[in-house]
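Hi everyone, thanks for making time this morning. Let me put the model up on the screen, and then we can walk around it together.

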Amino acid sequence: MTALHEYDVCTLAELVRSGLLGATEILHHHLARIETAQGLGAFVHVDRARAVATARQVDRMVARGENPGPLAGVPFGVKCLEDVQGWPHTMASRALSARIASTTSTQVSRLLAAGGVPVGLTASPELGGASFTTSELHGVCRNPWRPSSTPGGSSGGSAAAVAAGLVPLATGSDSGGSLRIPAAYCGLVGFKGTYGRIPRGPGYVGLPNVRNYGAVTRTVGDTARFLDVTAGAHPSDPLSLPRPATSFEARLEAIELPRLRTRWSSGLGFTVCEAEVAQHVETAARGLCRSIGVDFHHEPVELPATDSAWRTLATPDVLALFGPLMPAAADEVGPFVRALLSAAEGLRARDFADAGLLRARLDTALAGVFDTCDVLLLPCVACPAFPAEGPAPTHIDGQAVDLLASVGLTYVFNLSGHPAASVPIAPMNGMPMGLQIVGRRHEDATVLAVAHAWERTNPWPATAPDTAWAKV
């Protein structure tokens, strides 16, 4: 018999809307699991009263014969970098530990309008500034598949919560791989849409135009439904994109996949990937091509190194948030924020101009890549999950690397705005690993259709086994 926490989002919502399950029953089951999983560090705030009130409202609507929405009764978590009115809005920083959100993000507002039940906030590193999830404010977040390992970052709390069956859906954000990397390490689907797919705001939405909202889920179908609920332009975000004419869920099986051209590359020309990881993911990529009836083309991708551009463009957001608090709060921010604040003091207009020019070179190079293919396949992470406490590895495949190397296969698509997904493949040494699927801008539906085709022939467990994390 399937346990409640093993059902996917789409199934739960249909069971609630049909009256076969109650939203309150589903919620209490998940709240009980959250209580037993505190050692994972996935949730940093739980609002039981609000969740129960929302679930009861969903049940009342169903009893009256009303449709609560496409996410009827689905419990969900919210990454703690995102604002929910009345909840802590700390950005995982001690400097903001007393701050309470006065607004609710557009993304969360749309989840609520669709019948979702908000449970609480999930862990992130301070300001989302790491590929593992620890912070001085909230401590260490652990991977349910192997608690000594990281769930990735920065949406690590969301990934740990979904992988452990604490909630079937949790929001995240992705500025350099922060949805895709935790999805890869936790055996989940992580999708970053074309830039602007899900609107940001209200309020400050940032200057670099690299941060994307999204979610981690257990199935591509759940991701598609999530997008159908949250995508679409909003006045608070001037770069948000219109809602597509056809739903993402409806297009999962409507695209002619055998007509697609694929291209595999184990790297991007400027970054490094462990040979064992590359070989493991290549096996999955070959299997994907066979399953959709296309040829496998192995052709290295050579992109310009854009780490300096990403670092430069990331700085204004740190100044916007923490600059007004300095110097009084200098002792309350962690090393990532301190480093960026220090770097900001030396930045010049020339640095931003150079970053813009480098970004343009990247756009040109990727245009050439997608002249030769419709879908680019590559690893999502360069190395297996490292210790939960961090730090990120200083050596990959025998080469000394800097901290940005742990996101080297993902952040370029934040700079370029291309849609990209990570999907689970066969475990490597007992731990999840992800295949990254990248498509042309605005062809999000194609990426999801390819991911869905892979998932149909390569099913993955709904959750990590409780025995792996129950004693943490």
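The lining of the second largest pocket splits into 10 nonpolar, four polar and four charged residues. For those classes, Ala, Val, Leu, Ile, Met, Phe, Trp, Tyr, Cys and Pro count as nonpolar, Asp, Glu, Lys and Arg as charged, and the others, Gly among them, as polar. The space in this pocket is about 270 Å³. Of its 18 lining residues, Arg218, Thr219, Glu455, Trp460 and Ala462 are the closest to the centre. Two or more residues of the lining come from each of β13 (420-428) and α13 (444-457).

A word on the background: this is a predicted model, where local features need pLDDT of at least 70 and side-chain atom pairs count only at pLDDT 80 or more, while totals for chains, interfaces and linings use all residues. Residues are numbered from 1 along each chain as its sequence is written, and side-chain values use heavy atoms, with hydrogens and water left out.

You will want the pocket rules too. On a 1 Å grid over the protein atoms alone, a cavity is a set of points where a 1.4 Å probe fits but cannot get out, and a pocket is an open set with protein on both sides within 12 Å along at least five of seven lines; lining residues have an atom within 4 Å of a point. Grid points are joined across faces, edges and corners, and a volume is the space filled by probe spheres set on the points. Helices (H or I, at least four residues) and strands (E, at least two) are DSSP runs, numbered from the N terminus.

How many cavities of 30 Å³ or more does the rule count? The count is three. The largest cavity has a volume of about 70 Å³, and 13 residues line it, with Gly193, Ile198, Tyr213, Gly214 and Leu227 nearest its centre. Here β8 (212-217) and α7 (220-230) are the elements that give two or more residues to the lining, and β8 has the largest share, four residues. By class, the lining of the largest cavity holds six nonpolar, six polar and one charged residues.

Let's zoom out to the whole chain. There are 14 helices and 14 strands. For 472 residues, a compact globule would have a radius of gyration near 23 Å, and the chain's 21 Å agrees with that; the radius is taken over C-alpha atoms, and the globule rule is 2.2 Å times the number of residues to the power 0.38. Along the principal axes, the C-alpha atoms fill a box of roughly 60 × 60 × 45 Å.

What share of the 472 residues is buried? Buried residues make up 61%, where buried means under 20% relative accessible area, exposed over 50%, and partly exposed in between (1.4 Å probe, protein chains only). The accessible surface comes to about 17,300 Å², with 54% belonging to carbon and sulfur atoms; the areas come from the Shrake-Rupley method with a 1.4 Å probe, and for residues only the protein chains shown count as cover. Among contacts (heavy atoms within 4.5 Å) with a separation of 6 or more, 78% join residues 24 or more positions apart.

Next, the backbone. Most residues other than glycine have a negative phi, and most peptide bonds are trans. Against that, a cis peptide bond joins methionine 326 and proline 327, with omega about 0 degrees. Proline 327 is in the loop between α9 (307-322) and α10 (335-344). Another cis bond links glycine 390 and proline 391, with omega about -5 degrees, and proline 391 is in the loop between β10 and β11.

That loop also holds phenylalanine 386, which is buried because its relative accessibility is 8%. Beyond its neighbours within four places in sequence, phenylalanine 386 is in contact with residues including Phe132, Tyr185 and Pro391.

Which residues have a positive phi without being glycine? Leucine 127 has a phi of about 60 degrees, and asparagine 429 has one near 55 degrees. Buried or exposed? Leucine 127, in the loop between β3 (117-122) and β4 (134-135), is buried at 9% relative accessible area. Asparagine 429, in the loop between β13 and β14 (431-439), is exposed at 56%.
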